[in-house]
Amino acid sequence: MACVVDIPLAEPSPPGPVKPSLLKLIRGDIGCVRLRDPAARSQIETLLTYPGVHAVIWYRIANWLWTGGWRFPARLLSWLGRFLSNVDIHPAARIGHRFFIDHGACVVIGETAEIGDDVTLYHGVTLGGTSWFPGKRHPTLEDRVVVGAGAKILGPITVGAGARVGANSVVIDSTPPDVTVVGIPARVVRPQLSHRRVVGRIDLDHHLMPDPVGDAIAVLLDRVEFLEARLTHMQKRRRDPGEATTSLTPCAAPQRQTETDNG
């Protein structure tokens, strides 16, 4: 009689994330526009008249070819998309769901750039590299990042989830999540706790930010005014030493008079 031996079976590994289809990604890119641009009235209008959407669609197809090993056709299609939309996205870049380029012009996204879900870029944005060496050399934008017009994000840095980059800023260092950065080079000007929360929608108020340069100039002007007042007072004391001495020791004269009377 054969012996029955209990052999522990390995637990089945959980299935990995299913990669969405190309059509589903494109539908998400078109559908997200009405949530972020009040000028969009319908999906058919968005599909036919938005160059940023056209650029993303060209990228999706070129990326599908690139990941399938068709590198030259992917680059050729990417060039065609740039020629038609004035947006240059390398087919090897990794871009998540519901990606929107508002006004779609003069945007450059490098080969090793990585972009999360629900990211919004405005015109003139560059996700560029800072090295000639192969490997990771372009930035990573996590979920829900908003990048203002003309901003440049350079190098293999990470912009944290929910962060907002002010227009024409130059970001060269990684940023924490849920902050606003502005300037050249960009600095954090609004921390996470001061952000306004928008339930169910992307917070596009990237224009609501302080003016660090104006604040610094105001402090300098106050300091200059104080120093000028102090200098005027010191000059007055130098011109009228007797008056300044009397004003400093008002009780000295009565005390001397009292000593004379006692003598």
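Visitor: Which residues of helix α1 are buried, and why do they line one face of the helix?

Guide: In this predicted model, helix α1 spans residues 22-31. Seen down the axis of α1, its buried residues fall within an arc of 135 degrees, so they line one face. The buried residues are Leu25, Ile26, Asp29 and Ile30.

Visitor: Which exposed residues does the face of α1 turned away from its buried side carry?

Guide: The buried side of α1 is covered by elements that include α2 (33-36), α3 (43-49) and α4 (51-67). On the face turned away from that side, the exposed residues are Leu23, Lys24 and Arg27.

Visitor: Which element gives the most to the largest nonpolar core?

Guide: The largest nonpolar core has 30 residues, and Phe99, Ile109, Leu121, Leu141, Val147 and Ile153 have the most contacts inside it. Two or more residues come from each of α4, β1 (87-89) and β4 (107-109). With three residues, the element that gives the most is α4.

Visitor: Which strands stand at the edges of the open sheet of four strands?

Guide: The sheet has parallel pairing and the order β2-β5-β8-β11. Each edge strand has a single partner, so one side of each is left without a neighbour in the sheet. The edge strands are β2 (94-95) and β11 (158-159).

Visitor: What is the bridge partner of Arg94 in β5?

Guide: Strand β5 comprises residues 114-115 and pairs with β2 in the parallel sense over two bridges. In β5, the partner of Arg94 is Glu114.

Terms used: Residues numbered from 1 in each chain as written. Predicted model: local features only at pLDDT ≥ 70, side-chain atom pairs only at ≥ 80, totals over all residues. Heavy atoms only, no water. Buried < 20%, exposed > 50% of the residue type's maximum accessible area, 1.4 Å probe, protein only. Arc of directions from axis to C-beta. Contact = heavy atoms within 4.5 Å. Core = buried A, V, L, I, M, F, W, Y, C linked by side-chain atoms within 4.5 Å. Pairing = 2+ DSSP bridges.
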